[in-house]
Amino acid sequence: MGRYRVTVDTGGTFSDFVYLDEGTDEITVAKLPSTPDDPSRAILAGVEVLLAKGVAPADISYFCHGTTVGTNALLEGKGVCTGLLVTEGFRGIYEVAEQCRPHGAAIFDIFYDRPPLLVPASRTAEVRERVSAVGDVLLPLDEDALRQTVRALGAEGVQSLAVCLLFSFLHPKHEERARTIVAEEIPQCAISLSSEVVPQIREYYRLSTTVINAYLEPILARYIANLEGRLSAARVTTPQKYIMQSNGGMATFAASAKKAVATVLSGPAGGITASVQTCRTTGYANLVTFDMGGTSCDVALIKDGQPSVQNRGTIEGRHISLPMIEINTVSAGGGTLARVDALGQLQVGPESAGAVPGPACYGNGGTEPTITDCNLVLGYLGENNFLAGRMKLDAAAAHRAVESVAQKLGMEAADAAEGIVRIIDVKMQEAIKAISTMRGHDLSDFYLLAFGGAGPLHAARIAAELGMAGVVVPLYPGVYSAMGLLMSDVKHDYIRSRIGGLAKTNSADVGRLFDELEALARQDLRDEGFGADRITIERSLDLRYAGQGYEITVGIDFPLQADSLQNLRRRFDETHRQMFGHTAPDEPVEIVSYRLRGIGRVPEVKLPKFKPEGRSLKDALRETRTARFAGKMLDCPVYFRDRLDVGVQFEGPAIVDQLDATTVIPAGHSARVDAFKNIVISARGA
Amino acid sequence: MDAVAIEIVKASLSGIVQEMQNSLFRTGFSTIVRESQDASCALMNPKGDVIAQHVVLPLHMGAFPACCEGVLRSYGGDIVDGDAFLINHPYEGGSPHAPDMAVITPVFFEGALIGFCGSIAHKSDIGGPVPGSCSGQAREIFNEGLHLPAIRYVRGGQRNLDIERIIAANSRTPELVLGDIRGQLGASRLGEQRLRELLAKFGPAESVACFDRLLELSELRMRAAIAEWVDGRFEAERFIDDDGIELNKPVRVHVVVEKKGGSISFDFSASADQTKGPANVRPPLVKAAIAYCLISLVDPHIFINSGIMRSFSVTTREGSVLNPRFPAPVNTYNATVHAMVESLFAALSHVMPARARADGCGSRSIIIGGRSTSAGKTYVQYEIVGGGAGGRAMKDGASGTTVNQSNAKIASIEIMESEFPTRILRFELIPDSGGAGEFRGGLGIKREYLNLADARFSIRSSKHVIPPLGAADGGPGRTGDLTINPGTPDEKHLPTRYADYPLKAGDIFRLDTPGGGGLGDAFKREPKKVLADVAQGYVSPEHALSDYGVAVARDGNNWIIDEVKTKTLREGKS
């Protein structure tokens, strides 16, 4: 038993499914309408698709799910009634937040407001206690007062409680004691301790992360329990049931339910994980991922097979201090609108036509041109092959929409369409530069990995403009995130802040701290069913020059050697130079935090490798269409993606159609299909 | 001109300044640059007009052109590829005060000067009598630290190490200052490279034509919006507490706005004479303050460049607080700029009532200098603390925020206590500090410190005497205060700006920051909003009664409105 892996990435419109037959490495995919009121309904429907083929539920050995349940509850303000405990005198930490407004327009916008508090002041209570900057207790915890406070919060109907006390990352006992008291006084109340969620220095970010966790935890726990119930009812009983996290790793259902905040920014993680796997198996070690959908475009950098990670992120102005894959999002998608303003200037974005009315060519009443309309006018999209012909596009409506803008500019419609696409391309190029050249990476070493519905339409031109090595379009660009869910490992991150001069720190102390974190990690992974042989531990330190306001995470090898800390110092200087262009080798360096990642390795999935079947390029030809490239209408062949055989090569201009995406190979580019059936595009002469 | 090319150039310029900015934040050495992000970057044309700026600090819109002009005046015929210039002189350039050091680098393409890359970043200390270089008791700029007129710092790619040694010798924190300057240089070099790529792509002639057109478009956009406003003459004034030297003498900032058709002018001539203390503001910042208000009223999303500055005219009187004569001191200019911005909003509220707002908390920083970090070095603990924003048309003012042109992060308590001999005792919003109004002012911040080692303390604040004013019958916000050893026989209040108070180990000091003014008649505030404020602890029951005419009572754990009493109170008033 145990032959199938099933993954599902739940999106706003569609739930994407990928099924892997572990025996044959065969992959099949499906897209079903999402059921936002209860996402698990669509999930069960997707499982049924597999069972309908005669697969027994017991044959499903692995299930991984990318969910936006937590994200949506946060964005829509639909978390539970949450309370907050802070150190006496420090209610301002949450209400003042960072104090400043975001850079750019918000500074000028007198109507700008921070996002509303998830916990109002009336449900924020103070705890009489105080711990010093070195972890000494300055004021012992007043337990009686705390008990009164907790009772009062219980009477307010608090369902979940966040606790964030000053310096609790040095001395967690007060928070732990608070948990005991809460359990005694309001046993049904969920509780999130900042010393467990993220025991890291900087009170506001720790508090914000803990509050978000408390706000979402009961929601996610309920959702997972419900899903678990439905899967059990369908007799899908594998213990390998996972949820995707923002750090690009998975966690078991049980672990995810306890750390809800770690799923909030997990949306793009699946696609990145799939890209990392693509790096491993196909030999493109350096990639920029390019996920362009209907309203936005996400880009991320993968260097030497490792995605770039950041230690803090934001969602709609709320701060989450957890390691997450660094993703740069720009509002550029198929639905992005082009308009002419009062001064006769062409503006592309950031407004989007959204799902309703959507692009003019969808025939839902849209009259303003979108990027999708332009791609249709330019001949990149065909009227009859969108979603494999299931949705007919209205070319006349697209023309009318583009024409309305072109007229105001005194341009031909085709010129306007091409110009609009160039402008959106530049915006996406800038987003890519921001995560690559800005960090000292040379883009000529990188391939652009294009996925999402619109990514492969734009990728080749963008890569050429940026001087990149080329473009890789994976076999299933439209369900690529769900592909990533097949290939991840379980990853848990642990952190402890302990500020101290590196030169004054001895390696025994460093070793002891890491040992403590490692014990936690091994315990958690053991609970999730991983034997010692399947566990990998990675350690790193957040370091800075003394007095600097910003830390860099630097990896450290174990076991520690006599010269480990000196080497660490050297590596820090090197990393600092690489990231920031300068070093200060004479300045003392401080350790701020210790980080440890516990990885539970899931048996690896090999991307299927295909053998040529001896079909010629002509066998894949669907039709010939005229499409516009650099101002000229050119005849170009349109190929069926699923009929392109391994090893075929062709020259642009050409277009490749498949169910969920269209790939454009512009004039002057050539394409080939590699053994994994990726389309690899490069500029000729490059 | 090609409509597509313009948009592409615009998107590219935005990307370049963003990239420079990110580079500066990452490479900056000091906490001020990296955590408080008190720094910004811009691209200029050969005349010094800003063609693109990533706005972090609005005042720098005016500072960049003036810094460039300073460089051009001194080195006009002698600027070559690979140069870099430093300037931090408020009279020779555009720096608001000496700590705001500008690095300006020329950009050449095919042998011709195409423009400049620039950045301005606040330095933690540039010498002078007090740590942080901002003495509230300065009487000349010679009391405000080391001033560099435009000087060539880099020639042919080689840094002038003599200059670095001079700067280092004049700062209490030489490593931080030089580290930040090098970070600025790196940001400039990045900008140069990116700008040259853009020029290569579109050709220099076409690119420059696009830059010019973008300036023109921003100007036209402002003028088109202004043309729709009612014509008229509007007048307003604000007072700041004092200048730090003459303590009981408020300083007047006064503006007359004349608007006719598409043109608008601002005349500040009736403002006070230049002050003896450091409350003066140089004219480049006056222009920036006007631009800030116009952008806010017209379109916060407008493409920011010097074209905006061409859409209005401005008059200041030489010898006044807004156009002081050398060497009048300027280091605590910010309170005056807030007064300017608030007088502008007040005058223009007649034009744009939908964007009316009451006054906010102004801004303040505290600077503690000493000699005992864990590393045993001289330290400068620098914090910027906001307060309440004014009530707005249809919305309450924000609490615990920066306002107007000021925008810095609050310092982390855990970081401060780990790095400096200080312990923070209290950090909370102040109930009842927001001005009463139909739309309430935001609340001020209370931050109380226990000082653990002898140190030198300076404050540059605002609105400790004259409160943030309400608008349209709204009440004023509560004033700010700085109290040393509150509630003890030694209790003492420092003036709004004060330099070099000798704090002793064991001293407690408490900073209360002002709340924002209210907007509209408080008796018209919906009672349920007043009730919510009481429940959240933002307004006390006593003030609900006296300021809002809303009687509330306890009902178990909840607060409820006493409808009858409230009706009587509110009817009695009208």
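The centres of domain 1 and domain 3 of chain B, taken over C-alpha atoms, lie 53 Å apart. The domain bounds come from an automatic or database domain assignment, which for chain B gives domain 1 (3-220), domain 2 (356-523) and domain 3 (526-573). This is a predicted model, in which local features need pLDDT of at least 70 and side-chain atom pairs count only at pLDDT 80 or more, while totals for chains, interfaces and linings use all residues. Residues are numbered from 1 along each chain as its sequence is written, and chains are lettered from A and ligands numbered from 1 in the order in which they are written.

**Domains of chain A**

- Chain A is divided into domain 1 (4-73 + 223-263), domain 2 (77-220) and domain 3 (490-600).
- Between the centres of domain 1 and domain 3 of chain A, taken over C-alpha atoms, the separation is 34 Å.
- In chain A, 10 residues of domain 1 are in contact with 7 residues of domain 3; two residues are in contact if their C-beta atoms, placed from the backbone, lie within 7 Å.
- Strand E12 (residues 250-252) of chain A supplies 3 residues, the largest share of the side of domain 1 that touches domain 3. Helices (H or I, at least four residues) and strands (E, at least two) are DSSP runs, numbered from the N terminus.
- By class, that side of domain 1 of chain A has 5 nonpolar, 5 polar and no charged residues. Here Ala, Val, Leu, Ile, Met, Phe, Trp, Tyr, Cys and Pro count as nonpolar, Asp, Glu, Lys and Arg as charged, and the others, Gly among them, as polar.

**Contact between the chains**

- Chain B contributes 67 residues to the contact and chain A contributes 61 residues.
- Elements of chain B that each supply at least two residues to the side touching chain A include helix H1 (3-27), helix H5 (174-202), helix H6 (204-227) and strand E14 (422-429).
- H1(B) gives the most to this side, with 14 residues.
- The side of chain B that touches chain A comprises 26 nonpolar, 23 polar and 18 charged residues.

**Helix packing in chain B**

- The axes of helix H3 (residues 60-75) of chain B and H7(B) come within 7 Å and cross at roughly 145°. Axes are lines fitted to C-alpha atoms, for helices over the stretch in contact, and angles run from 0 to 180 degrees between N-to-C directions.
- On the side of H3(B), the contact is made by Met61(B), Gly62(B), Ala63(B) and Ala66(B); on the side of H7(B), by Pro284(B), Leu285(B), Lys287(B), Ala288(B) and Ala291(B).
- These contact residues of H3(B) and H7(B) divide into 7 nonpolar, 1 polar and 1 charged.

**Strands around E5 of chain B**

- Strand E5 (residues 112-122) of chain B is mostly covered, with 9 of its 11 residues buried. A residue is buried if 20 or more other C-beta atoms lie within 10 Å of its own, exposed if 12 or fewer, and partly exposed in between, with C-beta atoms placed from the backbone.
- Strand E1 (residues 39-44) of chain B pairs with E5(B) in the antiparallel sense over 6 bridges; two strands pair if DSSP finds at least two bridges between them.
- Strand E4 (residues 100-109) of chain B also runs antiparallel to E5(B), joined by 10 bridges.
- Gly118(B) in E5(B) stands opposite Ala42(B) and opposite Ile104(B).
- E4(B) and E5(B) form a hairpin with 2 residues between them, and Glu110(B) in the turn has a positive phi of about 50°.

**A four-stranded sheet of chain B**

- An open sheet of 4 strands in chain B has the order E8-E9-E10-E11, with mixed pairing.
- Its edge strands are strand E8 (232-240) and strand E11 (313-315) of chain B, each of which pairs on one side only.
- Strand E9 (residues 251-260) and strand E10 (residues 263-267) of chain B pair in the antiparallel sense over 5 bridges, and Glu258(B) has Ser265(B) in E10(B) as its bridge partner.
- Helix H8 (residues 334-348) of chain B lies across E8 and E9 of chain B, running at about 150° to E8(B).

**Two buried residues**

- Leu50(A), in helix H1 (residues 39-51) of chain A, counts as buried because it has 21 C-beta neighbours inside 10 Å.
- Beyond its neighbours within four places in sequence, Leu50(A) is in contact with Tyr4(A), Val6(A), Tyr19(A) and Val55(A).
- Thr401(B), in the loop between strand E13 (379-384) and H9 of chain B, counts as buried because it has 29 C-beta neighbours inside 10 Å.
- Not counting residues up to four places away in sequence, Thr401(B) touches Gln99(A), Gly386(B), Ala389(B) and Gly442(B).
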